[in-house]
Amino acid sequence: MGIETSCDETAAAIYSGARGLLAHAVYSQIALHAQYGGVVPELAARDHVDRFVPLVQTVLADSGCRLAELAAIAYTAGPGLIGALLVGASGAAGLAAGAGVPLIPINHLEGHLLAPMLDADPPAFPFVALLVSGGHTMLVAVAGVGRYRLLGETLDDAAGEAFDKTAKLLGLPYPGGPELAKLALEGRHGAFHFPRPMVNRPGLDFSFSGLKTAVATRLPPDASREVRADVALAFEEAVVDTLTIKALRALGAAHATRLVVAGGVAANRRLRARLEADVQAHGGRVYFPPLKLCTDNAAMIALAGFKRLADARLPPLDIDARARWPLAALVPPGMQVEEAAP
Ligand code: KG4
Ligand code: ZN
């Protein structure tokens with residue numbers, strides 16, 4: 001079983017090595033946070049408490065499994081909102097202790113990186129992953145489970161966060177990414193031009209906060225819908241261009257041909273079309289996992305748990321939850337060394 005509660009989605013799933021994904025359920029808190037224009041950590045944690053047990057019951061019923069039959073319970077131990085993580089971690093530990101099932105703490109980012117393996121046509125290792133969500137923007141060279149090399153990441157705002165903040169400037173509701181993309185369809189090419197942050201510098205890091213500031217300074221007060229659509233299009237083109245240039249550079253740097261795109265921003269049609277065309281033109285192939293596996297879910301946590309069965313431990317009564325947990329700290333399954341006492 002996989003459990004995910006790192007941000008504003010509560011999710012549970014059951015994965016079988018022999019039979020694949022048996023059940024998965026996600027409850028999104030978007031409506032809860034919409035009135036605040038962003039995720040409120042304390043409200044998120046409290047809502048996870050309410051959703052946790054019903055979701056676990058749902059996936060057990062849907063899969064026909066009993067708790068004690070599970071090989072292990074994998075849960076997102078970080079990175080994420082600490083209060084939200086603690087709900088999933090303590091819930092998973094409670095279930096595991098009650099049923100005598102081992103536990104596996106999973107890194108949320110590893111979940112995203114391995115999610116494409118759930119697809120009917122999974123990419124082979126090695127590949128480069130472009131992870132673009134509301135909380136993360138990174139390029140990772142993936143050689144195998146637990147073999148990750150961070151190639152680049154955002155120095156400030158994540159791509160989805162830049163979409164959401166810019167959408168707010170344009171007067172669109174939260175989460176603004178999809179709304180901004182919709183408005184951009186009405187925009188005229190070339191009416192505005194925004195910078196492509198950091199593309200002229202070597203390296204694979206991103207920076208999106210300046211782009212949002214550029215929009216704030218160029219957007220006329222009381223702009224008409226027409227002008228806002230022009231700005232939305234120019235902003236979207238700047239983000240898509242930047243992500244594409246860096247993704248191609250990352251494939252070159254990692255000597256890889258396969259690019260996997262994950263995270264909520266992978267839903268963006270302009271980004272998909274552009275990456276598909278440009279990566280193909282360079283002799284590579286892009287993989288877009290189905291959207292329900294791109295955004296936060298527990299199927300990816302259950303799968304990561306399956307790949308890390310070698311790390312399963314009967315639950316101690318302490319709980320592992322980390323607001324920060326860099327991917328580079330991970331090791332392949334079965335290679336974890338117990339931390340020495342301080
Ligand atoms: O992965 P995700 O569902 O949640 C986390 O951030 O963990 O990603 C959500 C992000 C939001 O910032 C949302 O605005 C963005 O993905 N997003 C989009 C689109 N659909 C979702 N951004 C641009 N275009 C879209 N079509
Ligand atoms: Zn995520």
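Me: Hi, I'm new here. Which loop holds Met198?

Reply: Met198 sits in the loop between H6 and helix H7 (209-218). Helices (H or I, at least four residues) and strands (E, at least two) are DSSP runs, numbered from the N terminus. This is a predicted model, where local features need pLDDT of at least 70 and side-chain atom pairs count only at pLDDT 80 or more, while totals for chains, interfaces and linings use all residues; side-chain values use heavy atoms, with hydrogens and water left out. Residues are numbered from 1 along each chain as its sequence is written, and chains are lettered from A and ligands numbered from 1 in the order in which they are written.

Me: And what is the phi of Met198?

Reply: Met198 has a positive phi of about 70 degrees, although it is not a glycine. In general, most residues other than glycine have a negative phi, and most peptide bonds are trans.

Me: Is Met198 buried or exposed?

Reply: Met198 counts as buried because its relative accessibility is 16%. Buried means under 20% relative accessible area, exposed over 50%, and partly exposed in between (1.4 Å probe, protein chains only).

Me: What about His255, what is its phi?

Reply: His255 is not a glycine either, and its phi is positive, about 50 degrees. His255 is in the loop between helix H8 (225-254) and strand S9 (258-262). With a relative accessible area of 74%, His255 is exposed.

Me: Where are the cis peptide bonds, say the one into Pro126?

Reply: That cis bond joins Phe125 and Pro126, with omega about -5 degrees. Pro126 is in the loop between H4 and strand S6 (127-132). The bond from Tyr174 to Pro175 is also cis, with omega near -10 degrees, and Pro175 belongs to the loop between H5 and H6.

Me: Switching to the metal: which residues coordinate the zinc ion?

Reply: His108 (NE2), His112 (NE2) and Asp296 (OD) coordinate the zinc ion (ligand 2), at 2.1 to 2.2 Å. Donors here are N, O and S atoms within 2.8 Å of the metal (3.2 Å for Na, K and Ca); water is not among the atoms, so sites may look incomplete.

Me: How are those donor residues spaced in sequence?

Reply: The spacing is H-x3-H-x183-D. His112 is in helix H4 (residues 108-114) and Asp296 is in the loop between helix H10 (291-294) and helix H11 (299-307), so this pair ties together parts that are 184 residues apart in sequence. His112 is buried at 2% relative accessibility, and Asp296 is buried at 14%.

Me: Which residues come nearest to ligand 1?

Reply: Gly134, Asp164, Gly264, Asn268 and Asp296 come nearest, out of the 15 residues around ligand 1. A residue is near a molecule or strand if one of its heavy atoms lies within 4 Å of it.

Me: How many of the shell residues are polar?

Reply: The shell around ligand 1 has 9 polar, 4 nonpolar and 2 charged residues. Ala, Val, Leu, Ile, Met, Phe, Trp, Tyr, Cys and Pro count as nonpolar, Asp, Glu, Lys and Arg as charged, and the others, Gly among them, as polar.

Me: Which helix gives the most to that shell?

Reply: H5 does, with 3 residues. Helix H5 (159-169) and helix H6 (176-184) each supply at least two residues.

Me: What lies 2.5 Å from an oxygen atom of ligand 1?

Reply: A polar side-chain atom of Asp164. An N or O atom in the side chain of Asp296 is 3.0 Å from an oxygen atom of ligand 1. The protein buries 85% of the 560 Å² that ligand 1 exposes when taken alone. Accessible areas come from the Shrake-Rupley method with a 1.4 Å probe; for residues, only the protein chains shown count as cover.

Me: Last one: which residues is Ala262 in contact with?

Reply: Leaving aside its neighbours within four places in sequence, Ala262 is in contact with His112, Leu130, Leu131, Val132 and Cys294, where contact means heavy atoms within 4.5 Å. Ala262 is in strand S9, and the C-alpha atoms of Ala262 and His112 are separated by 6.6 Å, though the two are 150 residues apart along the chain. Ala262 is buried, with a relative accessible area of 6%.

Definitions and conventions: A polar contact is a pair of N or O atoms within 3.5 Å; within protein, one must be able to donate a hydrogen and the other to accept it, and residues adjacent in sequence count only if both atoms are side-chain atoms.
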